[in-house]
Amino acid sequence: MLGPGECALGIHVSEGRLRVVALQGGSSGPALAAVRDDPIPLVAVEESGVIRDPRALANAVAAAVGEHGIDPGSAASALAISGSSVLVRSLDLAQEGTPDIDAAVRAHVEHYSMFSMGDEIVGYEAHEHEGPEGEGRLRVTLAATNRQVSESGWSMLRDVGGRAECVEASSLAACRAMAFAGELDLEAAAPTMALFLTSRRTQVLVICGRAVLFSHMLDLRAEDVAGGDDSATPEGHDRVATEVARCVQFFQRQFRDAEPLQQILFVSDVPVAREFYDKVAEATGVAARASAPLSGVPTAEQGGDVAELTNGSTLAPALGAALRAAEASDAFCIPLSVVRAERPKVDLRALAKMLAPGAILLLCFALGAIVTGSRAREADRREQFVEQQIAEVHASIAEGSDGLTAEQKAALLEAIEANKSLTAPGRATHAPEVIAALVEVLPVEARLENVTIDKEGDVSIGGSIRSEADAVALTRAFEASEFIAFARLSSLRAAEADGEAYFDFDIVASVR
């Protein structure tokens, strides 16, 4: 949560617009410090969501908030992205046995995505629920995009400066803003339908509890119902309202056991004519209105443009991103983190078994070196010691390898080469320090199930923890280590065992 005087920036890039919401910490919680909605060249962002010139947009963000006396270099920031390559879906899995969530998610993404597979970025979170016949189920909300979209977003956040927090799907960011403002009750049994209108398509999400229950795409354009636009006619309102009504009926047929819809909320890239909502309510029998989450956030003492724009739904994704950067809400925390393509991993536990006692001595020496002596002398002594230990291990294996098969010899030599990469000059020399940093910040009652580091210095951590807040805090504390370039919470899954609720987590990180 933001402290007094601290700022968080939420940025939304979509459809030729750059929208920025700045939150400032205060005694009663975050308050709106700046709101901007500026045009940008259409060529600045591709239809897929790729940002062509991250630095230029970062400069635009800095200029927008700078007018309000906010230094982006001292703020946390998050980015909400839209585009044809940004996918949000839900799936329902049987909880019997141990479901392979990763495989199910990737199969789902491959089936529904509009981008080529093999270089995708996927994040998800899972929540338990009870099926129609009382069986345990897992409801998984996933977000996915291609690597280029995600990398361009992270590049923009780095150019903004400060602390880059999250790149995520704009629809999930908007849902977080709705929940924070009380428009979306995450504890209610009755679902809410949220429609996100853009100039190219309309995404539909039905939210029930803390998960997406239903996801669908409609061939509708925001311009069909835009307020003050000559193209928005009563006939257009009728046609769009009819399509929305069909979508409501489709949802109700698929989820017959679900409670009736509580409300329909609209988020649009353009202002929508007020009479349109009456048409939708009449066609569906469900109360419909524009989402206005900014009106539920207090306003700091700033310029008049903040008050003028707080009632619009167009800024909902930017507000949701700002809340994520401020850690003011953990609802729908599904970041689209850049994770390098899968490479052969080095399992540190397996190496310790195969290369003991040499590998264990190496690890103990490195951990001890962190605490004592100057860093320069430590590095020199450690490098000499590492070389000596590797030579000794090589000699001992060569001496006693007559009884090994060719396959066993190859496996041992492969493991040694992998271990050498962790001790060679470069990022991987910090493998022991990475482990020490992780152990130091690990919360009480948290459990690690795997820690792997590949040859490029990419770290993967999996385990279980008591709460979502603990998982976020662990990621943040781990990233604060001087040996970690970045750390991201890539997935979070609710679970229960022996009546105790907990969360399985996965963290990806990169060594400096």
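**Loop residues, helices and buried sites in a predicted model**

Glutamate 327 is placed in the loop between α8 (316-325) and β14 (345-347), where helices (H or I, at least four residues) and strands (E, at least two) are DSSP runs numbered from the N terminus. The structure is a predicted model, in which local features need pLDDT of at least 70 and side-chain atom pairs count only at pLDDT 80 or more, while totals for chains, interfaces and linings use all residues. Residues are numbered from 1 along each chain as its sequence is written, and side-chain values use heavy atoms, with hydrogens and water left out.

Most residues other than glycine have a negative phi. Glutamate 327, however, has a phi near 55 degrees, which is a positive value in a residue other than glycine. With a relative accessibility of 31%, glutamate 327 counts as partly exposed, on a scale where buried means under 20% relative accessible area, exposed means over 50% and partly exposed lies in between (1.4 Å probe, protein chains only). Phenylalanine 332 is also placed in the loop between α8 and β14, and its phi, near 55 degrees, is again positive in a residue other than glycine. Phenylalanine 332 is buried, with a relative accessible area of 2%.

The loop between β13 (288-290) and α7 (304-309) contains alanine 292, which at 16% relative accessibility counts as buried. The C-alpha atoms of alanine 292 and threonine 314 are 8.5 Å apart in space, with the two residues 22 apart in sequence. Glycine 296 is found in the loop between β13 and α7 as well, but is partly exposed, with a relative accessible area of 43%. Although glycine 296 and phenylalanine 180 are separated by 116 residues in sequence, they are 8.2 Å apart in space, C-alpha to C-alpha.

Among the helices, α14 comprises the 12 residues 468-479, and its end C-alpha atoms are 17 Å apart, which agrees with the 16 Å that it should span at 1.5 Å a residue; the expected span is taken as 1.5 Å times one less than the number of residues. Because 9 of the 12 residues of α14 are buried, this helix is largely enclosed by the rest of the structure. The N-terminal end of α14 is capped by serine 467, a side-chain oxygen of which lies 3.1 Å from the backbone nitrogen of aspartate 470.Helix α1 (residues 54-66) packs against helix α3 (residues 147-160) at an angle of about 45 degrees, with the axes 8 Å apart. That angle makes α1 oblique to α3, since angles under 35 degrees count as roughly parallel, over 145 as roughly antiparallel, 65 to 115 as roughly perpendicular and the rest as oblique.

Threonine 141 lies in strand β7 (residues 136-146) and, at 0% relative accessibility, counts as buried. The side chain of threonine 141 reaches the backbone nitrogen of valine 212 at 3.0 Å. Cysteine 166 is likewise buried, with a relative accessible area of 0%. The sulfur of cysteine 166 is 6.1 Å from the closest cysteine sulfur, that of cysteine 333, which is too far for a bond. The structure holds 0 disulfides, a disulfide being a pair of cysteine sulfur atoms within 2.5 Å.

Terms used: A polar contact is a pair of N or O atoms within 3.5 Å; within protein, one must be able to donate a hydrogen and the other to accept it, and residues adjacent in sequence count only if both atoms are side-chain atoms. Axes are lines fitted to C-alpha atoms, for helices over the stretch in contact, and angles run from 0 to 180 degrees between N-to-C directions.
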